Amino acid sequence: MGHVAAPTAVRFEHRTDEDPVLGIGTATPRLSWIVPAADAAFIQEAYEVELTRAGTCEVIRVTVGDQVLVPWPAAPLSSRESVRVRVRVSGAGMRSAWSDPATVEAGLLRTEDWTARFISPRELGKLGAPAPVLRSTFDLPGGVVTARLYATAHGLYEATLNGRRVGDQVLAPGWTSYGHRLRYQTYDVTELVREGGNDLEVLLGNGWYRGRLGWDGRHAHYGDRLALLAQLEVTTSDGQVIRLGTDAFWTARESGVLADDLYDGQRTDLRPRADDRAGTVEVVDADLARLVAPDGPPVRVTQVLPAAAVFSSPSGATLVDFGQNLVGWVRLRVRDQAPGQEVVVRHAEVLEDGELGVRPLRTAKATDSYRLAGAPLEVLEPSLTFHGFRYAEISGLPEVRAEDVEAVVVGSDLRRTGWFSSSNPQLDRFHENVVWGMRGNFVDVPTDCPQRDERLGWTGDIQVFAPTASFLFDSAGFLSSWLADLAAEQRPDGSVPLVVPNVIESPLPAAAAWGDAATLVPWVLYQRTGDVGLLERQLPSMRAWVDYIAGLAGADRLWTGGFQLGDWLDPTAPHDAPFEAQADPDVVATGYLARSAEVVGLAAAVAGDADVAEKYARLAGEVRDAFAREFVTPGGRVLSDAPTVYALALAWALLPTADQRHHAGDRLADLVRASGFRISTGFVGTPLIMDALTGSGHLDVAYRLMFQSGCPSWLYAVTMGATTVWERWDAMLPDGQINPGQMNSFNHYALGAVADWLHRTVAGLAPAAPGYRELLVRPAPDRSLTAASARHRTPYGDAEVAWQRSEGRLRLRVVVPVGATATVHVPGRPEPARVGHGTHTWQAADPAAANRPLRTQATVRDVLDHEDTWRQVVAAAVETGVVGDEAEAAARLQVFLDAPSSRLVDALALAPPGLAKGRKALHARLDHLLPP
Ligand code: BGC
């Protein structure tokens, strides 16, 4: 009999906590597990779940092959109930041992479970006043078996019990659409309570609730009073249950936090507060029906980085470089300073002329300051704010030693699930930048940027980044929560706010690519996690959005007119008008309508609603027809002739005939050549262009675009020393100056969306069925790399693809987790291989090996495509003064791509009004190189 290993990683919903999972928000949590290894013949035919609750044990056997998000098999959980679960699997005559136990404990599932009430300080903690601390003292008997604290706040809260910090979360309760959904947290405080007198203290900060949000200086978006809801529940060995909650008997005092704001920073007086003002609290009216348990991980400190260097700026300021643009705050140790002395820490992502480059922060002060207590050792760090920075300026100390400064990295503590590496260090650094960009912008809400007076849940940004995010980190719980906010904030007419949670007043009712987050993010999550329930939950929201934009489009099925953000930040757009892209906004909007309608149809089919599926499939078909009729020529040109319009038309199957698709692909490739392989797409085109090029047979052109490092390109920022992905292709100009645009972040994930192509195509690891139950392995080796690999912790376990080229051979290694299968396209083989779980290797002739010579009778296009020759052409043309750079050379040649290469020099020199000087010299340099 064969062997199957015991399941591991038993999970509840999308929670990724270490065991136990506390405070789950559903009575019927779905289960998932991984089978780490099994004989090749193993196929799961059944699973058994053993549930131990309140001393009883039951085993339930289910005869299906599923192992991801399977239904809760037993009676629903009641509030606070804790169940210990083990799983074992069987099939093909094999049976595993039981998994290790995993424990899930329900939160407070019903509003009535809350006996506590929201309380707010009566006299203290007003807007602009020091942060208040709310306090309760109480006696407990001995023999405590378990103690739980359930808590949330209007504002941020930080609890200490008997002087010890409760939990390791920061910035709790995080940010949701507070008017509809307010998260509470569940803490195990068994170790913190004690027999006799206990002291529970909770510091409240402004945070998202009452602090500044948006660039118009507004604060107190949700209300002007901070409030706390906390309920402590203690069970003793003799079965006593003691419940203590926030009520009017708590007291308030002022803390030493004199000011706190997410944008502006925190001001703290560390001196003992002899004149502590005490105050009373009162119960405030607040709807407890809004309370929800977390779906994803909390915000935590995820890493601490040492200072890379401490140095003096030209103006004499003391600067610290952490070597990495990150999100969090600075921790500083100071010794033996005078009481009352002020230390100030300012932050910035970049330097300009050697000083902190704070202009991109706009009005965010990003400044923390401290009045020292004067103790022998003081550790300075804030907790009610966060900053996006790589550099800090420290003033108020005679000396700053590198070993006394650290950067504390803060973000949603997502489980890492995706890795990529290649033989090219620049590409790997770029990928690392994408990872850091995600870490810095997944701070409870998926934000545009983490540093300036913005940091909002821009829908368009996450719409394009969701596939990459889902690969790199387990984003399912995080994004599922955000999508619940999106649905809650959707207006009755179906329109979707530009930011979720919605805190800006936008005159824009609907923006294509932004509002489409409603449809495309759930679809991505379904693809990557297999979560049908999430899709079903979002379906009304998805439909409402499509109905709304279909209404805007009207009977002709074309979504035209009105203001659109469009292909935002197309690099050719003026720096103060990022929406003035080359791509026609009507083409973009109508393309999105087709795509979203199609996705709603597919989602409805998954949800089992055939009528709805058919309705939206028909709508998608009509929009596609309209698109082709209005925007596409019979030959396959697409209106506005910009890379982005071809990218979306190809990626979303908007071109009816094979001939049109063929020509559109060729046209797109020519446009990339004409730009000298520099990027010319914005938010809309960037995530699609690589798939469009690859799918239309222009993989080599895609690689040229990927490996371009001139400005603008993905690697340009890397050559400029970037450690995160920038908002603008040229956020920093080649001369080291900061782009003059007022909107200019050095930590924006949107343009990093190309990483998904690196994973799926360059390495070749893609999902072929929801949740990666089937893998599509189709690596695309190119001569610019000798190796690439991607690994992803799929819901079934680790999948991996790695390829290497050497000595004319391609070696391919594929790891398929138990429960999944893979279709593997080995380069050069006519038929794909289908394999089950395990590690598989192949060898084939290296498809990229031949360093082919430029063919005789080559065209100008062939010369551009022949990288080595093209490099020499550009070098000679620049040296002879015929052109300034590669981009100019390519631009000159764009109308001569079909001409014989013998005409290339004259074409290059054709610089109206006459012929460029240097033409003769260029001829002399190149005649031997270019075939006649
Ligand atoms: C944000 C973007 C966002 C855009 C749309 C900007 O201020 O930073 O990323 O999508 O506005 O208007």
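Helices (H or I, at least four residues) and strands (E, at least two) are taken as DSSP runs and numbered from the N terminus. On this basis the secondary structure of the protein comprises 19 helices and 46 strands. The radius of gyration, taken over C-alpha atoms, is 30 Å, close to the 30 Å that the globule rule (2.2 Å times the number of residues to the power 0.38) gives for 932 residues, so the protein is as compact as a globular protein of that length. The structure is a predicted model, in which local features need pLDDT of at least 70, side-chain atom pairs count only at pLDDT 80 or more, and totals for chains, interfaces and linings use all residues. Residues are numbered from 1 along each chain as its sequence is written, and side-chain values use heavy atoms, with hydrogens and water left out.

Along the principal axes, the C-alpha atoms fill a box of roughly 95 × 75 × 60 Å. Of the 932 residues, 60% count as buried, where buried means under 20% relative accessible area, exposed means over 50%, and partly exposed lies in between (1.4 Å probe, protein chains only). A contact is defined by heavy atoms within 4.5 Å. Among contacts between residues at least 6 apart in sequence, 72% join residues at least 24 apart.

Charged side chains number 88 positive and 114 negative, and the centres of the two sets lie 2 Å apart. Lys and Arg count as positive and Asp and Glu as negative, whereas His and the chain ends are not counted; the place of each charge is NZ of Lys, CZ of Arg, CG of Asp or CD of Glu.

Aromatic pairs were assigned to rings of Phe, Tyr and Trp (its six-membered ring) with centres within 6.5 Å; planes under 30 degrees apart count as stacked, over 60 as edge-to-face and the rest as tilted. The count by this rule comes to 25 aromatic pairs. In one of them, the ring centres of W514 and W568 are 6.2 Å apart and the planes stand at 75°, so this pair is edge-to-face. The pair links distant parts of the chain, 54 residues apart: W514 belongs to the loop between α4 (476-489) and α5 (517-529), and W568 to the loop between α6 (532-553) and α7 (585-606). Both are buried, W514 at 2% relative accessibility and W568 at 14%.

W523 and Y526 form a tilted pair, with 5.3 Å from centre to centre and 40° between the planes. These residues are three apart in helix α5 and are therefore separated by about one helical turn. W523 is buried at 10% relative accessible area, and Y526 is buried at 10%.
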